[in-house]
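Subject: Structure for you to look at

Hello,

Here is the structure I promised to pass on. Please open it beside this note, and my findings follow below.

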Amino acid sequence: MAAKPFSLGYVGIGLMGQPMTQRLASLGWSVRGYDIVPERSTVGSAAEAARSADVVLLNLPTNDAVKAAVFGRDGVASAVSAKQLVVDFSTIPVNECRSHAARLFEQTGCRWVDAPVSGGPPASAAGTLTVMAGGEEADLERLAPLMRDIAARCTRMGALGAGLAAKMINQLVVGVGHAMLAEAVALCGKAGIDAARIPDCLAGGYADSNVMKAYWPRMVQEDFAPRGYLRQLLKDLEMVNDWAGGMKAPAPMLGQALSLYRLAASHGYSELDSSAVVKIYK
């Protein structure tokens, strides 16, 4: 196995981070991992994970978690320098990403790449994620060997924050898509047709999609074991709503989907898979 070109620190060994770190280690990458759940960690702090790494990867559930991991006690910022690079796979507000990057650069000289992902834990484990990246071209070129091992597609959308802007669009499509599928599953029941046969019936037509392939069977089978938490998609849709509102961009379909997810959370479904939004219709 050929030696990898740089070493990695990894902060956030959760639903997405755990399969990714396992894959990277199996491919020969040197990975020092930290998580707030001690049994997932190989080191004792985010600073330890970052200190000897050439590239520091963040994969965290919220903006508050990113701030704590980077700028909190024993955080990444206390351990990095200008020769290193931070890559954030997390989905956080665009303006917050730019603020974190500016603060880190001012304190340490270390640059930041936003690289939110789509595909869920299965794609993280298989190395087939879709990565939407923002940052300097040279930094993305430096990261190319890593991206080849974790992603089927990595697209630089522009300067810092552009990857997260693309992720906002992704989450709009996915979130509204979930709500639409839930409504369609419920309509199948009212119409007296077999909902389980719909994906095959519609395959290859305009209604076919990766969202349907992944989520329709879960909704029909009521399989709500979390591959991605409902609370996470709700958090992302709230973020997209704020982002669109800040630009005074109308998003009525987003508003409808967001209402359904808020209702689902109020019913206690936050820790279930995001497909559990279908339960609102039942």
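Start with Ala-46, which is found in helix 2 (residues 46-51). Keep in mind that this is a predicted model. Ala-46 has a relative accessibility of 4%, so it counts as buried; the cut-off is under 20%. Its contacts, leaving out residues up to four places away in sequence, are Val-11, Tyr-34, Ala-69, Asp-74, Gly-75 and Val-76. Tyr-34 sits twelve residues from Ala-46 in sequence, and their C-alpha atoms are 5.7 Å apart.

Next, Val-37. This residue lies in the loop between strand 2 and helix 2. Its relative accessible area is 25%, so Val-37 is partly exposed. Along the chain, Val-37 and Gly-12 are 25 residues apart. Their C-alpha atoms are separated by 9.2 Å.

Now helix 1 (17-26). Its buried residues include Gly-17, Pro-19, Met-20, Thr-21 and Leu-24. Which elements cover them? Strand 1, strand 2 and strand 3 (55-58) are among them. So are helix 5 (120-126), strand 7 (129-134) and helix 6 (137-150).

Take Thr-21 in helix 1 as one case. Thr-21 counts as buried because its relative accessibility is 10%. Neighbours within four places in sequence aside, Thr-21 is in contact with Tyr-10, Ile-13 and Val-31. Just after helix 1 comes Gly-28, with a positive phi of about 100 degrees.

On to the aromatic rings. How many aromatic pairs does the count give? The count comes to one. The pair is Phe-6 and Trp-29, with ring centres 5.1 Å apart and planes at 55 degrees, so it is tilted. The pair links distant parts of the chain, 23 residues apart. Phe-6 is in the segment before strand 1 (8-11). Trp-29 is in the loop between helix 1 and strand 2 (31-34). Phe-6 and Trp-29 are both buried.

Last, helix 7 (residues 162-191) and two of its partners. Two packed helices are described by the angle between their axes and the distance between the axes.

With helix 9 (residues 210-221):
- The axes of helix 7 and helix 9 come within 10 Å and cross at roughly 45 degrees. The two helices are therefore oblique to each other.
- Helix 7 passes helix 9 in a right-handed crossing.
- From helix 7, Val-174, Gly-177, His-178, Leu-181, Ala-182, Ala-184, Val-185 and Cys-188 take part. They meet Val-211, Met-212, Tyr-215, Trp-216, Met-219 and Val-220 in helix 9.
- By class, the contact of helix 7 with helix 9 has twelve nonpolar residues, two polar and no charged ones.

With helix 10 (residues 230-246):
- The axes of helix 7 and helix 10 come within 9 Å and cross at roughly 120 degrees. These helices are therefore oblique to each other too.
- Helix 7 passes helix 10 in a left-handed crossing.
- Ala-165, Met-168, Ile-169, Gln-171, Leu-172, Gly-175 and His-178 contribute from helix 7. They meet Leu-233, Asp-236, Leu-237, Met-239, Val-240 and Trp-243 in helix 10.
- By class, the contact of helix 7 with helix 10 has nine nonpolar, three polar and one charged residues.

Best wishes

Notes
Residues numbered from 1 in each chain as written. Predicted model: local features only at pLDDT ≥ 70, side-chain atom pairs only at ≥ 80, totals over all residues. Heavy atoms only, no water. Axes fitted to C-alpha atoms, helices over the stretch in contact; angles between N-to-C directions. Helix = DSSP H or I, 4+ residues; strand = E, 2+ residues; numbered from the N terminus. Parallel < 35°, antiparallel > 145°, perpendicular 65-115°, else oblique. Left-handed = near helix turned anticlockwise from the far one by under 90°. Contact = heavy atoms within 4.5 Å. Nonpolar A, V, L, I, M, F, W, Y, C, P; charged D, E, K, R; others polar. Buried < 20%, exposed > 50% of the residue type's maximum accessible area, 1.4 Å probe, protein only. Phe/Tyr/Trp six-rings, centres within 6.5 Å; stacked < 30°, edge-to-face > 60°.
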